[in-house]
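Biologist: Please show me the model, and then we can go through it by question and answer.

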Amino acid sequence: MKRIALIGMPNTGKSTLFNRLTGAHAKVGNWPGLTVDLLSAKLLLGGEMVHLVDLPGIHDLRGHSSDEAVATAFLSQHIVDVALVLLNASQIERQIGLLAQIARPGLPVIVVLNMADEAAALGITVAHQKLAEQIGVPVCMVSAKYGQGVDQLQKLIVEALHGKLPSGAPTLDSNALEAAVRQNVSVPARASHALTEKMDRVLLHPWAGLPIFFAIMFLMFEAVFNLGKPIQDGMAWAITAFRSTALEPALAALPALLKGLLLDGLYNGIGTVASFVPLIILFFLGMAMIEDTGYLSRAAFLMDALMSRFGLDGRSFVMILMGFGCNVPALMGTRVMRSRGLRFLTMLVIPMSLCSARLQVFLFFIAALFPTRAAPLVLFSLYLISIATAMLTSQLFKRRFVNSDPFVLEIPPYRFPTLRQMVLRGWHEVMHFLRRATRFITAGVVFVWLLTNFPTGAAPGGADTLAGHIGSFLDPVMSPLGIDPKLTIALIFGFVAKEIVIGSLAVIYAQEGQALTAAIAHQIDWVQAYSFMLFTLVYTPCLSTIATIRNEAKSAIFSLLAVAWPLALAWVTSFVFYQVARQLF
Ligand SMILES: Nc1nc2c(ncn2[C@@H]2O[C@H](COP(=O)(O)OP(=O)(O)OP(=O)(O)O)[C@@H](O)[C@H]2O)c(=O)[nH]1
Ligand SMILES: [Mg+2]
């Protein structure tokens with residue numbers, strides 16, 4: 001199958017074009033360095049199936065960061081049939097140099113000037129036909145985000161695949177290229193993003209910037225919570241109703257044990273986790289707004305000075321924020337860092353980011369034990385503690401992992417997400433949940449069910465079951481934190497995936513929906529709940545996270561540290577909180 005590669009500098013819209021051409025849902029965001037790995041998808045072009053490959057952004061082919069290495073290794077190891085070189089249409093002069101490096105005899109190249117809409121808004125005009133003639137390579141103006149020019153681009157690709165285009169003019173040297181650009185691209189004397197400048201005067205204000213940032217984050221959490229809670233309640237209600245009206249009658253004839261496994265194990269466990277999915281999607285849409293508008297880059301800028309006191313930098317902060325979604329892509333995102341010390345330190349702190357799987361646990365416990373009014377504040381306090389533990393960790397380890405790379409970040413103009421991008425993003429999150437459900441959650445809840453129901457004869461979930469024995473074995477370590485044996489079992493499974501924590505509570509209590517919330521509220525008070533949440537927040541990240549750390553760091557010792565340190569810190573944090581709070585309340 002023929003192969004087409006998308007090449008360009010970071011943040012030029014490669015992934016957006018990739019999604020546009022293939023209907024895939026690669027992650028897109030207004031942040032340079034979002035794609036750090038190869039993505040490929042098949043697509044039908046002119047009656048032929050071809051592979052389209054989305055590469056991480058590169059500044060030049062001699063780049064030194066791990067994400068650039070992914071791109072250059074791909075280009076040197078694979079045969080590429082057509083190279084689409086993406087340039088930001090409003091920065092052609094700065095980006096054209098890359099074309100000179102990529103073009104080589106025999107390689108058909110198409111220059112794609114993306115973000116034509118932005119260039120037009122800035123008053124930039126490109127005589128792209130003339131430019132194409134002068135440099136001997138086809139040039140196409142597109143707007144990947146809005147779809148303009150994409151048909152034309154597809155036609156060009158088909159022609160290139162059939163050898164109908166001049167392939168790889170051998171003499172594309174950068175001087176000639178720059179001269180051609182000067183002749184054919186006209187930029188008005190003051191091409192500025194007026195709206196961006198206006199907004200940044202407020203949002204990047206020297207002393208108001210940071211408070212505004214935290215206020216925006218808080219408002220976002222509040223909005224997600226207020227919008228999402230009723231939806232989640234509705235889901236929980238529907239899941240309970242489906243069980244009692246349809247499933248129970250349908251399975252009535254099955255043997256009790258099998259029925260227990262299917263209903264109290266699988267259905268309760270997965271149903272309870274699933275009821276949080278709409279809320280999590282809302283949360284991701286909120287994060288996507290912040291990411292896609294370009295505000296994330298501002299956050300990096302605002303936090304850089306503060307972060308550098310802790311041995312990190314603005315990019316590390318952005319990775320921590322990305323970790324609020326899922327730690328795995330955030331860990332991979334550290335590939336843009338050139339300094340090994342900085343990269344390792346950032347990888348050590350990312351697992352402290354309150355990811356969406358932990359968010360489910362917290363939403364559940366907050367709903368069970370705190371009044372609705374207090375809920376957003378309690379949740380926000382956990383986010384702040386998440387950042388604080390990350391800072392504490394980096395403070396303690398910064399001498400071990402020293403940052404040797406100066407921080408340079410280009411701040412992109414504000415861009416507003418389209419409905420299409422939002423829908424793709426929401427869909428991506430649903431798929432993510434389903435993947436984790438098939439990989440971990442199902443097996444986890446079945447396993448918990450076995451532990452809480454065997455040996456037969458013991459009261460399900462009671463002290464004589466296997467789970468009961470494990471729980472009481474660990475009790476001397478966990479009871480000083482106010483964490484009882486049942487919660488301890490849930491935490492053990494949380495090692496695998498944090499989603500299982502809630503799923504396994506549903507199984508352990510053999511309840512779901514409102515009944516489960518009530519059962520837990522009956523068993524523990526808010527101090528215990530908060531201590532449990534603190535432990536869940538900090539302790540060892542899930543299996544996927546550990547595997548990613550192992551893969552990215554390629555060091556067993558570092559991976560061990562990344563598992564052991566959070567576990568120890570979690571214990572101490574919960575212990576201190578619980579012992580102090582017990583004295584006070
Ligand atoms: N206005 C406008 N914005 C665009 C266009 N194409 C992409 N964008 C936006 O530009 C930003 C970057 O897009 P991505 O597709 O993530 O860029 P990328 O080249 O894959 O970036 P890296 O993966 O970091 O190398 C996102 O906010 C997109 O929504 C376009 O044609 N017009
Ligand atoms: Mg990308």
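This is a predicted model: local features need pLDDT of at least 70, side-chain atom pairs count only at pLDDT 80 or more; totals for chains, interfaces and linings use all residues.

Modeller: Residues are numbered from 1 along each chain as its sequence is written, and chains are lettered from A and ligands numbered from 1 in the order in which they are written.

Biologist: How many residues does domain 2 bring to the contact with domain 1?

Modeller: The domain assignment, automatic or from a database, gives domain 1 as 2-186 and domain 2 as 210-402 + 422-584. Their centres, over C-alpha atoms, are 40 Å apart. Counting residues as in contact if their C-beta atoms, placed from the backbone, lie within 7 Å, domain 1 supplies 13 and domain 2 supplies 16 residues.

Biologist: Which helix gives the most residues to the shell around ligand 1?

Modeller: The shell holds 26 residues, with Gly13, Ser15, Asn30, Thr35 and Gly57 nearest; a residue is near if its C-beta atom, placed from the backbone, lies within 6 Å. Helices are DSSP runs (H or I, at least four residues), numbered from the N terminus. Helix 1 (14-22) and helix 5 (116-121) each give two or more residues. The most, three residues, come from helix 1.

Biologist: How many residues of helix 21 are buried?

Modeller: A residue is buried if 20 or more other C-beta atoms, placed from the backbone, lie within 10 Å of its own. Those covering the buried part of helix 21 include helix 19 (419-453) and helix 22 (499-508). Helix 21 (residues 485-494) is largely enclosed by the rest of the structure because the buried residues number eight of the ten.

How values were computed:
Two residues are in contact if their C-beta atoms, placed from the backbone, lie within 7 Å. A residue is buried if 20 or more other C-beta atoms lie within 10 Å of its own, exposed if 12 or fewer, and partly exposed in between; C-beta atoms are placed from the backbone.
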